[in-house]
Amino acid sequence: MSHSVLPAPAEKAAYVRGMFDRIAFGYDRVNDLMTGGLHRLWKRQLLARVAPGPGEVALDLATGTGDLAIGLARRVGPAGRVVGLDFSAGMLAIARERPEGAGVDWREGDMLALPFPDASFDVVTVGFGLRNVTDLDLALREIARVLKPGGRFGSLEMARPRTGVMRAAVAAHSAVLPVIGRMFAGSGDPYRYLHASARAFTDQDALAERCRAAGLLEVAVRDVSGGALAIVTGRKA
C-alpha cells in the first residue's frame, strides 16, 4: 500500500494507529503551523457549543495530545470528571506528560467499542477523529449509547467548503501540508493521508443526518472558516 493514498478498509485501523504513533512527537507543533494556531480557537468554539458545566462527566474521543480533554477538565472543574480516549499509545504518551492534564483519566481504547456502560457521560466530544474510524455509523451509535439522557455530543471535523473560493483556498493549503510534515514531523506521508481522508469524508450535512440516524436529536451544523470545517452537535433523547 502506498502511504500517499488512503489505505484499504481492512488496513485502515492499523495504518492510522501507526501513523499517529509516528507523528505524535511533532503533532502539536505541526498543528500550530498548519492552522496558524487557529485550531485552538476552533476547539474552544466546539466546547462552547456543548457547554460542559461544573460537576459534569465528559469524554473526549480521539483525544490525541489532549487539547479538548484538558479544555473539558477546566470547565467541569474538580467536582467533575473527564476521560480522554485514544487508540494511539504515542499520542496518549504526549497527553500524559502535560501538567495541565493531570486530572484527566487518559485511556487507550477503540471508539468503535467504548469501554463504558450505557448512559455514562453528560458530554462527548471528538475533534478531527471521525474520519479515521472504519465504521462511522457504529462510532456514532456508540457515542449515543454512552451519553446520558439529555447529554450533548459535539464533533469538530474537516468539511466541504460551500464556495468555490474557499474550496480553492483549502486545496492550496493542503498542497503544502506534506512539506510541513517532512520538515517538522519527519515525514510528509501522514499529512497526505490526512488531506485525502478529509476529502473522502462525508460532508457536514450528511454527517448531521447520520447523527440523527444514530439516535441524536436537535442536531445542528455550524460551519467554521467558510465551511472548511464544521461543528456538528446533537443531544441524546
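Analyst: A residue is called buried when its relative accessible area is under 20%, exposed when it is over 50%, and partly exposed in between, using a 1.4 Å probe and protein chains only. Helices (H or I, at least four residues) and strands (E, at least two) are DSSP runs, numbered from the N terminus. This is a predicted model, in which local features need pLDDT of at least 70 and side-chain atom pairs count only at pLDDT 80 or more, while totals for chains, interfaces and linings use all residues. Residues are numbered from 1 along each chain as its sequence is written, and side-chain values use heavy atoms, with hydrogens and water left out.

The account starts with strand S2. Of the six residues in S2, five are buried, and the strand is thus mostly covered. S2 pairs with strand S1 (residues 57-61) in the parallel sense, over five bridges; two strands pair if DSSP finds at least two bridges between them. Within this pairing, Gly 84 of S2 has Asp 60 opposite. Between S1 and S2 the chain passes through helix H4 (residues 67-76), giving a right-handed β-α-β crossover. Right-handed here means that, with the strands pointing away from the viewer, the path from the first strand over the helix to the second runs clockwise.

S2 also pairs with S3, again in the parallel sense, over four bridges. Gly 84 takes part here as well, with Trp 106 as its bridge partner in S3. The unit formed by S2, H5 and S3 is a right-handed β-α-β unit.

Helix H5 (residues 89-97) contains the buried residues Gly 90, Met 91, Leu 92, Ile 94 and Ala 95.
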